[in-house]
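Welcome! Here is a short briefing for anyone meeting this structure for the first time. Please take a look at the sequence and the model, and then read on.

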Amino acid sequence: MPIDANSSDEIIDEVLCTTKTEYRILLELKLISTEFNTGSIYIIPSKSNSLLWNGIYFIRSGPYKDAILRFKIQLETNYPNQKTPPELKLEFPIEHPLISPDTQIFDSSHAFPTWNESEHLYSFLKYFKYAMENFDFCVNLPIEKIINIEIAELYKKDQKEFKEKAKEMIVKSVNQIFIPTGDENIFSYDRNSIEEDEEIHQSILENMKTVADNLPESFSFLFDNRNRSLH
Amino acid sequence: MSWLRSSPLRQSFSRRTQDISNTGTDSKAVSDSFCKHWQQVSDIINRSENRQTQHDDVLAVVNHLDHMTTLLLVELHNCNKIALPNGQHPPAPCLEFMLSENLLDSLYEWSLSTGRYSNAVRLEQLKLYELLVSHSRHQLLVHEPFLRPLLKLLASCQNEIFPHDVGKRLVILLNQLCVVLMQNVHLLDLFFCSTQQHGLQMNGANQTNFIIFSLLIPYVHSDGSIGHQARDALLLCMSLSQKNSNIGTYIANHSSMSPVLVTGLCGLYSSLPNSIEVHSIDWFRITADDVNDMPELTLFMNSLEFCNAVVQVAHLLIRDQLLDFLYQGFLVPVLGPAVLQKLKGSHLQTNVESQIASMAYLDLILRSVTEPGLLKIMIKFLLDNEKFDGERILDVLIERINSPDSRLCMVTLTLFDTILGLHNEQLMTELILKYLIGARHIPIAQKHKINKIQAYAKTVDYLLDLAPEVMKNSNMILAEHKSLDYQQSSSASLPTHTNIVSRTIGANWNHYGLHNTGESLYSNYHAYLYDAHQKIKRTKYSCDQWTDNYFYKSPHKQRQNAKMPNEQLVQIVRNFLSEFNLDTITTTLMSDEPSNINNISNSSKQLDMDSLQSIGESSGYESMKYRPDEDEEHQINSGNDSGNQISTNINSNITIVKNIEPWRISRFKDSQLFDLEITEDIFTQGTVSLGPFLTSIWSKLQTFTSNSLYVNLHLTGLISHIALYPLPLVHSILLRPDIPTTSDIPSFYQVLKILKQQIDAELPMTEDSLELIDIGRTFLIDREFKLINARKIALEALKASNASQLSTSQTNTQTSQLQTYDPFKRQDDKRKSSSNSIMSIFRRTSTTTASSNSNNNNAGVIGANQAQTSGFAQIYGLLAAGIASLRDHQPNSLELQTSSINDSTGLGANSYINERHRDLAIAAIILDEFLKELSSISQEMSIVLLNENFKNI
């Protein structure tokens, strides 16, 4: 029987990597659920794929105050060892200096030029939040970091027109979130219930906690998609 | 009431219910008949005044009474069906006749003259009363003509010894009376001071007496259903004592309840066999089936259960008295010496057999006691260091972990597993925490790591790397041959048995998407994770009720809580620090990549060692903690979303903070504590003890490769059990290879590393070694299925026997006794330890045919219970009892197993398969699985404990 030490490592690694990724995701989720104040950002992994996260962001300050944005975060399969930060894509075409007007992907390269396992997703999300709420910070970044130059210019030059545009987008963004989508684990709202602001945040938070607590049992993507046993 | 069902009267019952208007005429006929029967009885009674009672007389009276009883029953049945609108009872002529003519009293008076037939007549009377008490809606007890003769009858029963059937009737009647009294507490006084009220001479004294209770006491230790009913009735009295404190005072002060119970318990304990006949090499604890198997043990457990129940329901006065009696009368003089193997202060000749027996009994007692009060005295018993000549039971138990006798060792390890399963703060403190608080076993510079939960995730790589090389390779080969049906290969080696038994355990694990039905849980990492998740959840639930979370706290902080330090001095030190080090900090920070506040403090701490040391010594402060003010912290917490706020809030000595990007600041500062415990003895290196418990376990672990397989299963199970506690201090020695320890014994990882080296050296990576591993693995998996199937067979046998029972006699007292006996039922969810439920699944087959209710329940929940059994130690170890029944049919011992495999695979007795290598192979497999179990625990912990320290912020 041929004995090959290298291949043994690979197999053990394969098992380990999946569980380690799972537990890292759990850790990140738990950190996020405690790092953000009630009423700002909420995350829930997609029903079918725990590397794909659904998020919702209630903007509480800055020019887009009162907008509600749904977004998705895609992690790579080798998370947390991926080389670049996770991809954050907004579901609504909001105009922002760091968000591509074509793909609606948020550019975090200023704060996170690279990614490694010591980085936490909560700081990535905090950066996203910071950027969304601090236009002054964004427009003053080096020009090559600004993706949507148009809106940056507008912000700098014509505050009045910018504000009008922002107002329009805020209204649109709020309307957008009532449209239901396919995923079971997504934030969608009933127009009547959204009025009761406090309660809804509480219930989202509860929901997140339950999901996070039960994930080891129902972690669907890794457990279900694997057809082979460990050994 | 089967006689009622078979009665020809049933038809008339149904007719009556259909035609309720006819009751008038019918009840007339009934009452006429009743009176006629009584007339005849009365004649006999009158006749007996002149001559001695004859056999025929008694027979005739009994016969008439039987008829009267039936007629009364018919009447009562009718009455109970009708509800009159004004709330009054419908007329009951028979009953009224009986009361107005004072029949019962006449009957009683006559019975006194029946001489040698008195018991037969008494039996009839008891039946009659029982019927009336249990079936009448009327409040008969308030009627003098009913109550008076009843009390006379009961009084006459005192100090009598009855034949079994009379005793049984008496207990049933008393039981019924208790039920009625439970519903009508106001009637209680009728039975209470009965002596004075009725002027009866009882017991030769005119003292207060609760006659029901005193009549029941002699039956408390009885065997069979009579004992059960008596205990039931006594428990009802006990519950009554909570409603009526007179009863409580009476039982506590005037009855012999507590002494009778405790002396009975002592007697029953003393009659337990001195050594337990052990059926298999892997026996380790007494199961419920063992209890049913051993009549002495059944009796003892019944009594213990009863004490438990009494403590649960009784009046506080009784409860305290009983607990005190139990402690002073049973635990200290009987159980203690039995466990210590002492007689009148001197050690008995060391007898391993009786040591094993006493340990197993102690384990059984600890598992069966559910009542907190009783548990408390059990714990007090374990920790008492006055009553046993300065010896402490717990210490003696710890010593036995390292017994050279592997059976004693196994029983001891199991006992500690039970103790850990209690999740008791006091016991955990005595066993482990006491030695770890203050973290003296960890170098000063490393202490801040203890509460850093995120580091747990990295433990996995380290632990799994400690697996023996041969296992790594064997696992790899197994994975490669995955496509070849795993089951086929293993069943091929054992063609005869595996055909009979179907492998079904995996059925419950389908949600993993990993397992086909019937696959082994061997090496299933996801099952380990799931298991760890469930067990940690349960353990944490219990530990959340503790007085402390036992996270590492610096001595400084603890002192601060007790007494506020001199604020001024702290300020001076702080100013000094800021002046002295500002520049250095700044440069450090600038050169480093921006990081969090913790790093700043960290670097400053290191730089300040010298300066602080001098200050600390001169000021008399043993430790100094350098950190921003509490206020500042709060501001950071509240302003976590804005970087600007932070830079202004933090005062001048760390203005550099503003360089930290706002999005990198966590709400929780993971390591706020930086202790400079200056006067701590740095020479303690290598001399800190982890306490006798951990030391014993470590030393047992060091002999891992020469321990027996079953000892290792329990040993690893126990270590995993310790790791399941959500206590970072405990984890610091079990799940944190990144934290070095300075204990006087090799660290856990050192021990594991040595074991790996030992196995790697003695079992090098060769074909032969791999072959041995294969054989060992097959043996273990086969054992797993045998255990599962043993249980399955037992359940099937149980079903069959239940079915046959239904068709046969229903009044078999033996069966009914067994059916109600279940010493392991626990009402309290929290204490439903997994081992308990596992044990209840895997009771031995041999006796389950006798059946018990609990087994029936288990059949229903077996799926759920199996989900808790995935810990490999449990699959392979705790289930061991189940295998005993198979021992006659299949080779059980390892030797036989291996040789049979050798024969079937054609290997023969090749020289390389010597015992040592075979043991090593098994040890390697167990070590490999143990490491997986530990890593899964560390992974789960990394999530469960995250931010737990900041829960209340």
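This is a predicted model: local features need pLDDT of at least 70, side-chain atom pairs count only at pLDDT 80 or more; totals for chains, interfaces and linings use all residues.

Over all chains, the structure holds 35 salt bridges.

**A bridge between chains**

- Glu119(A) pairs with Arg664(B) in a salt bridge, and the closest N and O atoms are 2.7 Å apart.
- Glu119(A) sits in the loop between β4 (87–90) and α2 (121–133) of chain A, while Arg664(B) sits in the loop between α33 (643–649) and β4 (675–677) of chain B, so this pair joins two chains.
- Glu119(A) is buried, because its relative accessible area of 11% is under the 20% cut-off.
- Arg664(B), at 22% relative accessibility, counts as partly exposed.

**A bridge between two helices of chain B**

- Asp105(B) and Lys152(B) form a salt bridge in which the closest N and O atoms are 2.9 Å apart.
- Asp105(B) belongs to helix α6 (residues 103–111) of chain B and Lys152(B) to helix α8 (residues 144–157) of chain B, so the pair ties together parts that are 47 residues apart in sequence.

- The axes of α6(B) and α8(B) are 8 Å apart, and the helices pack at an angle of about 25 degrees.
- The two helices α6(B) and α8(B) are therefore roughly parallel to each other, and their crossing is left-handed.
- On the α6(B) side, the contact is made by Leu104(B), Asp105(B), Tyr108(B) and Glu109(B).
- On the α8(B) side, the contact residues are Pro145(B), Phe146(B), Pro149(B), Lys152(B), Leu153(B) and Ser156(B).
- Sorted by class, the contact of α6(B) with α8(B) has six nonpolar, one polar and three charged residues.

- Lys932(B) and Glu929(B) meet through their side chains in a salt bridge, at 3.3 Å from N to O.
- Lys932(B) and Glu929(B) both lie in helix α45 (residues 915–944) of chain B, three residues apart, which is about one turn of the helix.
- Both Lys932(B) and Glu929(B) are buried.
- Elsewhere, salt bridges that share partners join Asp465(B), Glu469(B), Lys472(B), Lys756(B) and Asp760(B) into one network.

Technical notes: Residues are numbered from 1 along each chain as its sequence is written. Chains are lettered from A and ligands numbered from 1 in the order in which they are written. Side-chain values use heavy atoms; hydrogens and water are left out. A salt bridge is a side-chain nitrogen of Lys or Arg within 4 Å of a carboxyl oxygen of Asp or Glu. Helices (H or I, at least four residues) and strands (E, at least two) are DSSP runs, numbered from the N terminus. Buried means under 20% relative accessible area, exposed over 50%, partly exposed in between (1.4 Å probe, protein chains only). Axes are lines fitted to C-alpha atoms, for helices over the stretch in contact, and angles run from 0 to 180 degrees between N-to-C directions. Angles under 35 degrees count as roughly parallel, over 145 as roughly antiparallel, 65 to 115 as roughly perpendicular and the rest as oblique. A crossing is left-handed if the near helix is turned anticlockwise from the far one by less than a right angle, and right-handed if clockwise. Contact means heavy atoms within 4.5 Å. Ala, Val, Leu, Ile, Met, Phe, Trp, Tyr, Cys and Pro count as nonpolar, Asp, Glu, Lys and Arg as charged, and the others, Gly among them, as polar.
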